[in-house]
Amino acid sequence: MVQCGPERIVVLSGPSGSGKTTLVRELVARAEVTLVKSVSATTRPPRPTEIHGDDYWFLTDAEFREKLQNGEFLEHAEVFSSGYLYGTLRSELDRAREQNGWAFLEIDVQGALKVMQQYPNAVTIFVQTPSPAEFERRLRSRGTESENVIQRRLATAERELQLADRYKYVVVNDQLETAVSEICVILKAEEMSRNA
Ligand code: 5GP
């Protein structure tokens, strides 16, 4: 079903290690438009510093599948062939609407394609790292993943990169400041075009 309502959705994707997490935090704090960060649901276990309801809604497999059956997800995907499910609950869009802001989704490419089908007006942004070597360096410097996981993420990133041209905007996250400013300009322009 294609929705053409007044929905305001920003989708940001990019390989893990592209600096997305920092970028998202900076944008929520600094963008001139109101960004309401969508809290995804996942069956992945929480990392030590992660908080339920803040970083993710951490669900069991059964809970996730029940919500899926009930049609509560806007999109969902199994990410990195890890066996873990991730998805955006429709209620996150409601929350953004209630706050009169943009729903800000940081999701993978598979999920982004599903959102684009339903909301062709969504503002979609792909974040790219300057080079494959830099990307691998960032991924390893986090030090939280096993070699196996890193290899899978590198392979996923390569596949994702091939889909970058499906996004409305591609931003290279070479310098964080530059990337933040570029996206702020994009969002401001998109908001103005909706209000025109
Ligand atoms: P992590 O496990 O490192 O927090 O996230 C792994 C990947 O899952 C990220 O690349 C992120 O974009 C993706 N992801 C997070 N939430 C969602 C979601 O709701 N839907 C989809 N399709 N992907 C998600």
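Modeller: Happy to! In this predicted model, 5 strands form an open sheet in the order 2-7-1-8-9, and the pairing is parallel. Strand 2 (35–37) and strand 9 (169–172) sit at the edges, each pairing on one side only. On average, neighbouring strands of the sheet are turned by 25 degrees against each other, direction ignored.

Strand 9 pairs with strand 8 (residues 123–128) in the parallel sense, over 4 bridges. Within this region, Val127 has Val171 of strand 9 as its bridge partner. Helix 7 (residues 176–195) lies across strand 1 (9–13), strand 2, strand 7 (102–106), strand 8 and strand 9, and runs at about 160 degrees to strand 9.

Glu160 belongs to helix 6 (residues 147–161). Leaving out residues up to four places away in sequence, Glu160 touches Gly14, Pro15, Asp108, Val109 and Phe126. Glu160 is buried yet has no salt bridge: Lys20, the nearest side chain of opposite charge, is 6.1 Å away, and a salt bridge would need a nitrogen–oxygen distance within 4 Å.

Away from these strands, Tyr56 is found in the loop between strand 3 (41–42) and strand 4 (57–58). Tyr56 counts as buried because its relative accessibility is 18%, and buried means under 20%. Beyond its neighbours within four places in sequence, Tyr56 has contacts that include Val39, Arg44, Glu50 and Tyr86. The C-alpha atoms of Tyr56 and Pro46 are 8.2 Å apart, with the two residues 10 apart in sequence.

Technical notes: Residues are numbered from 1 along each chain as its sequence is written. This is a predicted model: local features need pLDDT of at least 70, side-chain atom pairs count only at pLDDT 80 or more; totals for chains, interfaces and linings use all residues. Side-chain values use heavy atoms; hydrogens and water are left out. Helices (H or I, at least four residues) and strands (E, at least two) are DSSP runs, numbered from the N terminus. Buried means under 20% relative accessible area, exposed over 50%, partly exposed in between (1.4 Å probe, protein chains only). Contact means heavy atoms within 4.5 Å. Lys and Arg count as positive and Asp and Glu as negative; His and the chain ends are not counted. Two strands pair if DSSP finds at least two bridges between them. Axes are lines fitted to C-alpha atoms, for helices over the stretch in contact, and angles run from 0 to 180 degrees between N-to-C directions.
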